[in-house]
Amino acid sequence: MRMLIQGLRFTLQICIFLAPIIWCVCPVPAQTSADTNQKLTPQQLIEDVNFYVSTLEETHINPFVHISQEGWRAQAGDIKARIAQQGAMTQQEFWLLFAPLASLIQDRHTLVMEPRFFIPNNPTKYLPVRTVYVDGKLVVTSSVADVQITRGAIITSINAVESGEVVRKLSRYGNGVRKERLRGVGEWLWIGAAEVFGRPESFVLTFSDGTKAEVKGVTVSEIIKRERAAGVNPTQAGDSPLELKFLESGVAYLNSLTFSYDLEKYKSLLKGIFTRIKESGARDLIIDLRSNTGGHSALGDELLGMFNAKPYKGYTSSWKRSRQYVEYMRKEGVAIPDHYLDLKPAEVYVSKASTVRPAANPLRFGGRVYVLSGEETFSSGQMFLGVVKDNDLAEIIGEETSTPACFAGELYMFNLPNSRLRASSSVRYWVAPGGCKGARGVVPDIVVTRRLEDYLTGRDRILEEALKLAKRKQNSR
């Protein structure tokens with residue numbers, strides 16, 4: 001039952017501002033559709049708020065780490081008062097008012113999905129510009145707009161709204177601790193600029209050099225089509241979760257893009273990849289986890305077994321029992337352990353630490369291994385880093401993860417009764433082998449922070465450091 005974070009039968013890569021981001025790139029759980037133009041009565045919407053509050057409090061492992069129960073309920077009461085004042089609303093209007101309530105939990109796996117996420121052929125026009133939020137600036141990383149926009153351009157306003165205010169507004173819809181929400185603003189801007197600012201037909205961007213560009217909005221499907229044609233953000237659902245390259249000086253580079261994949265197929269991929277690595281005679285292996293936002297931990301265990309023979313300790317967890325989650329697992333046909341069923345509602349099962357002893361593996365890599373980490377590494381991807389770090393299985397190079405080393409996960413998915421908004425709640429809390437470090441993420445052995453100039457030039461400072469270290473250690477042998 002370890003790390004069912006993606007929700008049992010479906011895979012759902014939850015990351016900050018997830019709902020808009022993965023529209024066209026991975027399968028999602030079904031939501032009972034609602035007429036997006038239908039006006040819901042204040043009574044219906046208040047009922048939804050009450051249902052959400054009670055469901056989250058009953059199912060979430062610990063929703064009140066960052067906000068008190070009284071404070072959270074007060075925020076819910078304020079939303080209900082605003083509903084009563086404003087009157088009937090559409091599903092989208094309600095989401096804009098209501099979704100920040102989930103953000104207050106500061107759990108990146110707990111969110112309320114933007115409803116248009118579920119509309120086939122969504123006609124809304126979005127900003128065809130990808131960005132990152134770095135050093136307090138919104139920086140362009142790619143563009144498929146009809147006008148020329150330079151990579152590395154710094155956006156100072158959108159439709160006359162200063163970038164600081166854009167960040168503030170969008171971060172209210174983010175999930176996770178503050179650094180996660182701020183980083184996520186850059187990832188979500190291409191969607192959020194439309195959804196939070198009224199879905200304009202075009203976007204007037206002002207840049208730090210004083211220039212402006214009027215960008216026509218484009219549908220999500222058209223943006224994805226243009227990006228694929230341009231070779232921008234090419235990795236989509238259905239692509240291989242592993243990419244192998246051979247670099248200079250006998251270094252093999254394995255990019256682990258996701259742990260959201262069929263386990264048996266993944267094992268087969270690993271066998272083929274490590275056969276090639278063995279035949280190549282590579283002396284060093286770099287495993288890149290920087291883009292890995294999770295999936296199922298069993299895949300990470302398989303990858304660990306391809307380079308590590310040393311016994312190690314994994315994550316432990318606290319698992320909260322609730323009527324809702326029991327019903328959910330039964331509906332999904334998942335075997336429920338007796339130790340969980342024996343609990344009373346709201347009781348918590350705490351797993352015991354255990355030692356994993358990797359089986360013999362003729363394809364196991366025997367050279368030096370370096371693992372690359374990034375701010376974006378998340379969920380099961382981050383758990384992989386945590387196991388490597390706390391058991392000293394390889395040297396980690398890169399950035400500290402945005403998510404704390406210990407975090408809430410494993411999702412209970414549910415719909416609100418009237419608006420049909422899709423929401424998630426974390427039923428487990430995962431504890432790293434080496435314990436928790438407050439809000440600190442998994443900290444690399446060698447910290448390399450990307451700089452603004454790296455986004456301007458496309459420089460990969462983290463990979464450079466790993467190659468430099470591998471070369472230095474090769475020369476010292």
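Q: Which cysteines form a disulfide, and how far apart are their sulfur atoms?
A: This is a predicted model. In it, cysteine 406 and cysteine 436 form a disulfide, with 2.1 Å between the sulfur atoms.

Q: How many disulfides does the count come to?
A: The count is one disulfide.

Q: Left-handed or right-handed, that link of cysteine 406 and cysteine 436?
A: Left-handed, with -100° about the S-S bond.

Q: What does the pair tie together?
A: Cysteine 406 sits in the loop between β15 (395-398) and β16 (407-415), and cysteine 436 in the loop between β17 (422-431) and β18 (446-447), so the link joins parts 30 residues apart in sequence.

Q: Is cysteine 406 buried or exposed?
A: Buried, at 5% relative accessible area. Cysteine 436 counts as partly exposed, at 43%.

Q: On to packing. Which residues have the most contacts inside the largest nonpolar core?
A: Tyr52, Phe94, Phe98, Leu189 and Leu205. That core has 73 residues.

Q: Which helix gives the most to this core?
A: Helix α7, residues 178-195, with eight residues.

Q: And phenylalanine 98, what is it in contact with, leaving aside neighbours within four places in sequence?
A: Val49, Tyr52, Ile79, Val112, Leu416 and Leu421.

Q: What about a second core, which residues does it include?
A: Among them are Leu304, Phe307, Tyr312 and Leu393. This core is separate and has 39 residues.

Notes
Residues numbered from 1 in each chain as written. Predicted model: local features only at pLDDT ≥ 70, side-chain atom pairs only at ≥ 80, totals over all residues. Heavy atoms only, no water. Disulfide = S-S within 2.5 Å. Helix = DSSP H or I, 4+ residues; strand = E, 2+ residues; numbered from the N terminus. Buried < 20%, exposed > 50% of the residue type's maximum accessible area, 1.4 Å probe, protein only. Core = buried A, V, L, I, M, F, W, Y, C linked by side-chain atoms within 4.5 Å. Contact = heavy atoms within 4.5 Å.
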